[in-house]
Amino acid sequence: PAQTKARRLYTYGRSRLYEMLWKPMESCLEGVKTVYYSPTAFLHRVAFAAIPVDKDTRLIDRYDLRYLSTTAQLLRERRPGRAQSAAVFGGMYYSPEHAFLAEGGQKAEYRAAMEETFPYLEETRAEADTISKDMKYGGIDIKRYVAENATEPNFYALDGQSTDIIHLATHGFYIDEKDVAANAFLANHPGDRYSSMQRTGLTFDGANATWLGQKKPDREDGILTAAELSTLDLGRAQLVTLSACETALGDYSTEGVYGLQRGFKEAGARTLILSLWNVSDRATSLFMQDFYSRWLAGMSKHDAFTQAVAQLRATHPDPFFWAAFVMLDPE
């Protein structure tokens, strides 16, 4: 389980990440506060902020850490500007019966809900509603897609549009190469089922039927892969937030990580918020609402993210909760 792995990696006395990864560099970091880093290979799966230095200290307590997709980002012109438009997705019906659950139905009355790969996420509806209200109050033009309107075609409608913020509260997935043969969704993609960009993605309305192989793949099947995403034009997006599980994961080559982050970067998005492991639905909702309230009040994206992490850490001290999300290419 993700929580067990997080405790093993980020508990002082059990973890050797500091000694292996960071301590050898400390002689070069004397007097340094801000560190820009672009991890290679499997290090893209490490929550650097949570690495324990001693019993009471983690790297986030010593350094202002800024995660980059490539160190070439340091030469990028900063054009944060003021966000004027947003698209917010949440409260999706991955199966038709999820409308029943959304209206207060109990899972005991809907047995299939207990067996689904992508269960209904109740907190994402509240998350989408609250964030949309905050944005509207801040003068941002909102397009809100919830329930049966949170569809893949509505996401495709953002292609080439002037949307500054894209917020996706949903399930994300990363299929390990060893699991490809048993996956019904990938069986419908025989030509590229081993592609890293096909094995990572996000879910929309109706995704469960597609995942079970009951629906043939098309642009309306409810599953958006990184490969599909990379063909879009999202070049006006200042921020894309993936409020979902495992969205930072992918396969690594000498050209970087192949997965959702590459898909969104190829589509033109500037800053991404991603997750390193399966996240708590409730803690995620609290974190996202806090982040947006701070950013829309005038903070930079980086400062708002850092303070929202600190707030979540104060109420949920286990790194499993507060260290799951990372901001890629902050401004």
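Predicted model: local features only at pLDDT ≥ 70, side-chain atom pairs only at ≥ 80, totals over all residues.

Colleague: Okay, and where is Tyr-36 found?

Modeller: In strand E1, which covers residues 34–37. Tyr-36 also forms a nonpolar patch on the surface with Leu-74 and Leu-75. Together they have about 350 Å² of accessible area.

Colleague: Switching to aromatics. How many aromatic pairs does the count come to?

Modeller: The count comes to 22 aromatic pairs. One of them is Phe-89 with Tyr-145, which is stacked because the ring centres are 4.7 Å apart and the planes are at 25°.

Colleague: Which strands do Phe-89 and Tyr-145 lie in?

Modeller: Phe-89 is in strand E3 (residues 85–92) and Tyr-145 is in strand E4 (residues 141–147), so the pair ties together parts that are 56 residues apart in sequence.

Colleague: Is Phe-89 buried or exposed? And Tyr-145, buried or exposed?

Modeller: Phe-89 is buried, at a relative accessible area of 0%. Tyr-145 is buried as well, with 14%. There's also a tilted pair, Tyr-292 with Trp-295, at 6.4 Å centre to centre and 45° between the planes.

Colleague: Where do Tyr-292 and Trp-295 lie?

Modeller: Both are in helix H11 (residues 281–296), three residues apart, or about one turn of the helix. An α-helix has 3.6 residues a turn, so residues three or four places apart point the same way. Tyr-292 and Trp-295 are both buried.

Colleague: Which residues do ring pairs link into a cluster?

Modeller: That cluster is Trp-22, Tyr-37, Phe-48, Tyr-63 and Tyr-67.

Colleague: What about charges over rings?

Modeller: Here are two. Arg-219 lies over the face of Tyr-156, 3.7 Å from the ring centre. The charged end of Arg-313 sits over the ring of Trp-322, at 4.9 Å from its centre.

Colleague: New topic: salt bridges. How many does the structure hold?

Modeller: It holds 14 salt bridges. Among them is Arg-66 with Asp-64, at 2.9 Å from N to O, and both of those residues are buried. Another joins Asp-329 and Lys-265, at 2.6 Å from N to O.

Colleague: Which parts does the Asp-329 and Lys-265 pair tie together?

Modeller: Asp-329 is in the segment after E13 and Lys-265 is in helix H10, so the pair ties together parts that are 64 residues apart in sequence. Asp-329 counts as buried at 0% relative accessibility, whereas Lys-265 is partly exposed, with a relative accessible area of 22%.

Colleague: And what does Glu-331 form a salt bridge with?

Modeller: With Arg-270, where the closest N and O atoms are 2.6 Å apart. Glu-331 lies in the segment after E13 and Arg-270 in the loop between H10 and strand E12 (271–275), so this pair ties together parts 61 residues apart in sequence. Glu-331 counts as buried at 11% relative accessibility, and Arg-270 counts as buried at 10%. Salt bridges that share partners join Arg-76, Arg-270, Lys-301 and Glu-331 into one network.

Colleague: H10 keeps coming up. How many of its residues are buried?

Modeller: Six of its eight residues are buried, which leaves H10 (residues 260–267) mostly covered. The buried ones are Leu-260, Gln-261, Arg-262, Gly-263, Phe-264 and Ala-267. After H10 comes Gly-268, with a positive phi near 110°.

Colleague: Which residues other than glycine have a positive phi?

Modeller: Ala-147 is one of them, with phi near 55°. Asp-329 is another, with phi near 60°. Most residues other than glycine have a negative phi. Ala-147 is found in strand E4 and counts as buried, at 7% relative accessibility.

Colleague: Last one: which helix does Thr-315 lie in?

Modeller: Helix H12, residues 301–315. Thr-315 is partly exposed, with a relative accessible area of 49%. A polar contact of 2.9 Å joins its side chain to that of His-316.

Colleague: And how far is the C-alpha of Thr-315 from that of Tyr-258?

Modeller: Those two C-alpha atoms are separated by 34 Å, and the residues are 57 apart along the chain.

Methods. Residues numbered from 1 in each chain as written. Heavy atoms only, no water. Helix = DSSP H or I, 4+ residues; strand = E, 2+ residues; numbered from the N terminus. Buried < 20%, exposed > 50% of the residue type's maximum accessible area, 1.4 Å probe, protein only. Polar contact = N/O pair within 3.5 Å; in protein donor to acceptor, adjacent residues only side chain to side chain. Phe/Tyr/Trp six-rings, centres within 6.5 Å; stacked < 30°, edge-to-face > 60°. Lys NZ or Arg CZ within 6 Å of the ring centre and 35° of its normal. Patch = residues over 30% accessible without salt bridge, like charges linked within 9 Å, V, L, I, M, F, W, Y side chains within 5 Å. Areas by Shrake-Rupley, 256 points an atom, 1.4 Å probe, with all protein chains shown as cover. Salt bridge = Lys/Arg side-chain N within 4 Å of Asp/Glu carboxyl O.
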